Amino acid sequence: MNKIISAEFLAADIKRFVIEAPKIAAKRRAGQFVIVRIDEKGERIPLTIADSNKEQGTITIIVQGIGKTTKEINNHVAGDFFLDVVGPLGKPSHIENFGTAISIGGGVGTAIAFPTAVALKEAGNHTIVINGARNKDLVILEEELKNVADELYITTDDGSYGYHGFVTQKLQELIDSGRKIDFVLAIGPIPMMRAVANTTKPYGIKTVVSLNPVMVDGTGMCGGCRATVDNKTVFVCVDGPEFDAHLVDFDLLTKRNRTYNQSEKAALDNHLCKLDKAFVEAVTTES
Amino acid sequence: MPPLTKKERMQISRQPMPEQEPLARSRNFLEVNLGFTEELARMEANRCLQCPKPVCVEGCPVGVKIRDFIQLVSEGDFLGAAAKIKEDNALPAVCGRVCPQEEQCEAKCVVGVKHDPVAIGRLERFVSDYEREKVGIRTPHVKPKTGKKVAVVGSGPAGLSCAGDLIQLGHDVTVFEALHEIGGVLIYGIPEFRLPKNIVKAEVDALKNLGVEFQTNAVIGFTDTVDELFENGYHAVFIAVGAGLPYFMSIPGENFNGVYSANEFLTRVNLMKAYKFPEYDTPVFDCKNKNVAVFGGGNTAMDAVRTAKRLGAKNAYIMYRRSEKEMPARLEEVHHAKQEGIEFVFLTNPLEFLGDEDGWLRGVKLQKMELGEPDASGRRRPVPIPNSEYIIDLDMAVVAIGNGSNPIIQKTTPDLSYNKRGNIIVNEENMKTSKKGVFAGGDIVSGGATVILAMGAGRTAAKAIDNYLTNTEAW
């Protein structure tokens, strides 16, 4: 059982939790993840560790409520408990002083890219952060990133805030400006990571992405998270989660991530249906 | 009544195991075998010749005093029999269900030379169930505390049997488990219909009552390294993390949706209870009215195919590249599978999985094989028959061809010796590794084997650890 110390929404459906997990807090390094299970009937959900505090023995995770389980996670408040939190899992990010490094986060991927941006900065890189969101309301961690980045660019798809356009357009501008860029990290939705990979490939810029396949145990035991990298099968949980973006088969990743779409939709509909029913019952009882 | 003569004992035939009717059970997850009644148990126990030198014991990896417990069963002292078994076996209700007795104790049974051997496994199961159901599992005597602490890494059969012995010897024991439940393969791998999870839980609870501590969600290597376990005050470490890295076949199309490792398929269904989706949140491929093939011929393959059948598969195939004779699965499992309508396709090897443009499995290209000369395992090698390829429709495939060794301990504990396959190298007499204070056993040492062999290794290690703890200077 892991106690939730604080919980707050950063944007609609995106919630930040600080959880008691002293062992994980002491050990974790940028790029690693935990698996969370909320109750006896719950799924095992992999979530990247966004931050940690060794002294207080806490870790931070940021969750976007999309399916039944992530929505249920986001119903938790400070003082509640998660039944199981295991980690730190996966290989830490490979960090060195590359020179100029760009960390790109899309949507909730911003949270996942954040610890690596911190680590890149600490390693002495000139660290540029591009933080993309669909609109102004979905921009997260702006303050935190300001404190880390040498240069911060916020992009919104609809132009409601910051740079009007996709993260890749901003990236292309930076490349076109003739600056020497030595390393790019991209974390976010698959289409965005693929687009970043396609943008940097012609220039031979070393680019790393963090993959987010379906997982069960997270320790290499089931092989459900397999992906193809450099034409070879890898287990993302133990061989990754970070890989050379120019070698990842994004097509396969996209398709495999759809394996349980139907079941997940059914579970969510069923869940929402029950919530409606509970609401109706509550209202009826009150009146 | 005077005791039965040897001749009279030999005239009793082996008592059959009552079981759920095949059609009914192929649609539910309840246990297939129902267990002996008291009458059946005493009748079966009377078949034992009470040999002066019981060779059956030699066939038992943990050395259960088989003759003595069977004598107690024949006298009707079932609780005495349960206690006798527990002197040597921490998980009797588990072993009575999943041990391959036909290759071990029962293979040595003298009665078996001319007749069917005494049903030792069924009797073991009966007495442990009897005790649990009638009076609850009683705890054996524990020696005074020694003040020494042992860390057991992994809560599968090897870890549990080692922990059970060490706690009785007076040591403090903590078992670390990576998953959220205790039991390892007994929980995630072996299905409910062969080994009900409440039975595993009861035997684990018995170990808790003896004082064994369990920590779930602890991935040794990541959460704590082996060295940190010593820093945290443990005097010895037993590594029993299992094999746990599924092999695939390296054929095209293996990453199509609908292709599973046996580990993933079984873990979703057993540990995560996907057969109760959506009551439980974890989904699994919907097998209803689908064509399912399981590739492999071991017990895990049988578990997977019978699980698929229970999930509603229209056709559930075992596809095995050798012939029936070479199949490593237990005879009982094969027999049960056949009764339940599993179709066996022998001498057939997959060449390629075929899928649609959305990435879903749609079929498999197969090749017929014939048996050639014996290979290193002594079994005749399967050889492809030219121009025998054919294609069948397939919606789900499970690859059940075994496991390699999980890399987490190796990557985080480089100062242990490993072989080429990543198995930890030990002295098999005492399970000592190349690193002082560290012992290892079970599948991480032997490669994929059986529950009882892992338990045997756990016992051997417990003895050696006890010995080591009396003088930690020597290694």
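Domain 1 and domain 3 of chain B bury about 1200 Å² between them, 47% of it from carbon and sulfur atoms; buried area here is the accessible area (1.4 Å probe) that two parts lose on being put together, summed over both. Start the tour by selecting Arg25(B), Ser26(B) and Phe29(B), which supply 47% of the area that domain 1 of chain B buries against domain 3 of chain B, more than any other three residues.

The model is predicted: local features need pLDDT of at least 70 and side-chain atom pairs pLDDT 80 or more, while totals for chains, interfaces and linings use all residues. Residues are numbered from 1 along each chain as its sequence is written, chains are lettered from A and ligands numbered from 1 in the order in which they are written, and side-chain values use heavy atoms, without hydrogens and water.

**Domains of chain B**

Colour chain B by domain: domain 1 is 6-134, domain 2 is 149-244 + 403-474, and domain 3 is 248-399. These bounds come from an automatic or database domain assignment. Over C-alpha atoms, the centres of domain 1 and domain 3 of chain B are 32 Å apart. Their contact (heavy atoms within 4.5 Å) takes 15 residues from domain 1 of chain B and 13 residues from domain 3 of chain B.

Next, show the side chains of Arg25(B) and Glu340(B), which meet in a salt bridge at 2.5 Å, N to O. The term means a side-chain nitrogen of Lys or Arg within 4 Å of a carboxyl oxygen of Asp or Glu. Two salt bridges are counted between domain 1 and domain 3 of chain B.

Then select α2 (22-25) and α6 (92-98) of chain B, the elements that give two or more residues to the side of domain 1 that touches domain 3. Helices (H or I, at least four residues) and strands (E, at least two) are DSSP runs, numbered from the N terminus.

**Chain B against chain A**

Bring chain A into view: 45 residues of chain B are in contact with 43 residues of chain A. The area buried between the two chains is about 3600 Å², with 53% from carbon and sulfur atoms. On the chain B side, select Phe222(B), Asn255(B) and Asp281(B), which lose the most area to chain A, together 20% of what that side buries.

Four salt bridges are found across the interface of chain B and chain A. To see one of them, select Lys27(A) and Glu228(B), whose closest N and O atoms are 2.4 Å apart. Elements giving two or more residues to the chain B side are β5 (244-246), β6 (259-261), α14 (262-271) and α17 (407-412). Of these, α14(B) gives the most, with four residues.

**Strands around β11(B)**

Finish at β11 (residues 361-374) of chain B, which runs antiparallel to β10 (residues 348-355) and is joined to it by seven bridges. Two strands pair if DSSP finds at least two bridges between them. Gln367(B) in β11(B) is the bridge partner of Asn349(B). Five residues lie between the strands of this hairpin, where Gly359(B) takes a positive phi near 90 degrees.

Now select β12 (residues 380-384) of chain B, antiparallel to β11(B) over four bridges. Here Leu371(B) stands opposite Pro382(B). The hairpin of β11(B) and β12(B) has five residues between the strands, and Gly378(B) in the turn has a positive phi of about 85 degrees.

The last stop is β13 (residues 390-393) of chain B, which pairs with β11(B) in the antiparallel sense over four bridges. Select Lys365(B) and its bridge partner in β13(B), Ile391(B).
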